[in-house]
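Hi everyone, thanks for coming.

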Amino acid sequence: MKNETLLSHFGKGLIQNNPVFVQVLGMCPTLAVTTSAVNGLAMGAATTFVLFFSAAIATLVNVIVPSQVRIPVYAVIIATFVTIADLILKAFFPPLSAALGPYVPLIVVNCMILGRIEAFATRNPILPSLADALGMGAGFTGALMVLGAIRELLGAGEIFGAVIFGSAYPPMLIMILPPGAFLVLGILMALFNHLQEKDIPILRKAG
Amino acid sequence: MQIVAVFFVAVLVNNFVLYYFVGICPFIGVSKKVDAATSMGIAVTFVMTITAAVTWLINNLVLIPFGLPFLEYVSYIVVIASLVQFLEMFIKKTFPELYKTLGIFLPLITTNCAILFVALIQAMRSYGFITSIAFGFGAGVGFTLAIVIMAGIREQLEVADIPRPFRGAAITLIVAGVLALAFMGFTGLVSA
């Protein structure tokens with residue numbers, strides 16, 4: 001652990017241990033809100049915000065919390081930051097808040113957040129924990145944005161609201177509807193597995 | 001009438017797993033065998049129905065009268081976590097037989113986002129008390145239906161020759177996509 005730099009903690013979450021493609025965590029928001037690239041980006045950013053601050057607080061209170069009640073304590077910490085994120089979204093980005101709807105409060109039970117706090121943040125000093133939280137958050141945001149962009153491109157012919165395919169393209173509505181989410185994510189995951197088997201250095205599984 | 005409609009919409013039209021994408025983790029994790037999937041479904045239905053009732057009471061008797069809606073998420077998660085813990089102890093003492101089947105699934109349910117989703121949606125749509133319970137029960141039945149169908153398909157997939165990169169979560173997601181496509185056929189069956 002000692003010779004690992006902060007950058008390597010960050011990088012692991014981004015690709016090698018990507019929370020969505022490799023660890024298959026946080027599936028609910030991944031599938032539900034990725035009807036467009038911008039929704040995916042917003043959900044990723046909100047989740048990263050919650051993960052970053054919850055990890056910071058959890059590392060600090062870890063010493064005084066008895067281990068039997070740690071899960072409820074973490075849940076309350078996470079729920080507090082989710083409430084803050086929800087209020088910020090409602091106040092400053094009302095259209096995004098409406099688009100994400102009940103999936104913002106569902107960040108509370110995103111298993112990726114509790115998983116990172118339990119598996120990393122409470123066993124490491126604060127700086128590596130924050131680097132890990134940022135890396136995982138960035139990996140999650142990236143995966144959501146890619147998924148959102150593909151679904152938006154196929155389903156509406158646009159990316160980030162900019163027209164790509166023009167009016168001659170008949171939109172594949174199914175990609176924006178629920179089945180599209182499962183299909184695109186399944187195919188992306190298979191592609192990720194395939195690339196990892198090819199042993200490209202940057203994608204190599206973290207040992 | 002509204003109660004019946006809410007129930008059937010939750011089971012078929014707006015299926016929790018295949019339409020709202022909540023409860024995906026157990027849907028992928030515990031859907032390898034039909035028996036385990038059925039037990040998981042029953043446990044979830046049980047907790048969902050009770051959660052719908054309890055969070056309705058909290059929301060309408062405590063949070064709204066005292067003007068504390070910002071405490072919604074924190075109080076729901078605490079209520080759900082303690083409720084599951086309490087149910088586990090209660091079932092262990094009173095129905096040891098049932099505990100043998102459901103036991104290992106109960107702790108997993110705390111972090112099942114479908115449970116919190118029931119609480120949030122019934123508050124968001126301002127359902128009445130009985131309607132909330134029907135909604136929670138319907139959501140649970142819908143979850144059970146989806147996970148049991150999925151387990152049936154996966155038992156067959158075990159013997160299929162799947163391309164290597166698709167094995168595991170990838171093929172499960174694609175099967176779920178086809179299931180979701182089939183469930184879209186229920187759209188318009190009942191209107192909420």
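**A walk through two chains**

Let's start with A:Thr59, which sits in helix H3 (residues 37-61) of chain A. When I say helix or strand, I mean DSSP runs, numbered from the N terminus: H or I with at least four residues for helices, E with at least two for strands. Before going on, a word on where this comes from: it's a predicted model, where local features need pLDDT of at least 70, side-chain atom pairs count only at pLDDT 80 or more, and totals for chains, interfaces and linings use all residues. Residues are numbered from 1 along each chain as its sequence is written, while chains are lettered from A and ligands numbered from 1 in the order in which they are written.

Back to our threonine. Is A:Thr59 buried or exposed? A:Thr59 counts as buried, because it has 22 C-beta neighbours inside 10 Å. The cut-offs, with C-beta atoms placed from the backbone: 20 or more other C-beta atoms within 10 Å is buried, 12 or fewer is exposed, and in between is partly exposed. Leaving aside neighbours within four places in sequence, A:Thr59 is in contact with A:Ala121, A:Thr122, A:Ile126 and A:Ser129. Contact here means that the two C-beta atoms, placed from the backbone, lie within 7 Å.

H3(A) packs with helix H7 (residues 126-156) of chain A at an angle of about 165°, and the axes are 8 Å apart. That makes the two, H3(A) and H7(A), roughly antiparallel. For those labels, under 35 degrees is roughly parallel, over 145 roughly antiparallel, 65 to 115 roughly perpendicular, and the rest oblique. Sorted by class, the contact of H3(A) with H7(A) has 19 nonpolar, 10 polar and 1 charged residues. Nonpolar covers Ala, Val, Leu, Ile, Met, Phe, Trp, Tyr, Cys and Pro; charged covers Asp, Glu, Lys and Arg; the others, Gly among them, are polar.

Over to chain B, which has 9 helices and 0 strands. How does its radius of gyration fit the globule rule? With 192 residues, a compact globule would come out near 16 Å, and chain B has 17 Å, which agrees. That radius is taken over C-alpha atoms, and the rule is 2.2 Å times the number of residues to the power 0.38. In chain B, 48% of the 192 residues are buried.

Chain B has a helix pair to look at too. Helix H3 (residues 34-63) and helix H8 (residues 129-157) of chain B pack at an angle of about 165°, with axes 8 Å apart. H3(B) and H8(B) are therefore roughly antiparallel.

Next, where do the chains meet? The contact takes 32 residues from chain A and 32 residues from chain B. On the chain A side, H8(A) gives the most, with 12 residues. By class, that side of chain A has 26 nonpolar, 5 polar and 1 charged residues.

Phi of A:Phe160 is near 55°, a positive value in a residue other than glycine. A:Phe160 is partly exposed, with 13 other C-beta atoms within 10 Å. B:Phe21 also isn't a glycine, and has a positive phi of about 60°. B:Phe21 is buried, with 28 other C-beta atoms within 10 Å.

Definitions and conventions
Axes are lines fitted to C-alpha atoms, for helices over the stretch in contact, and angles run from 0 to 180 degrees between N-to-C directions.
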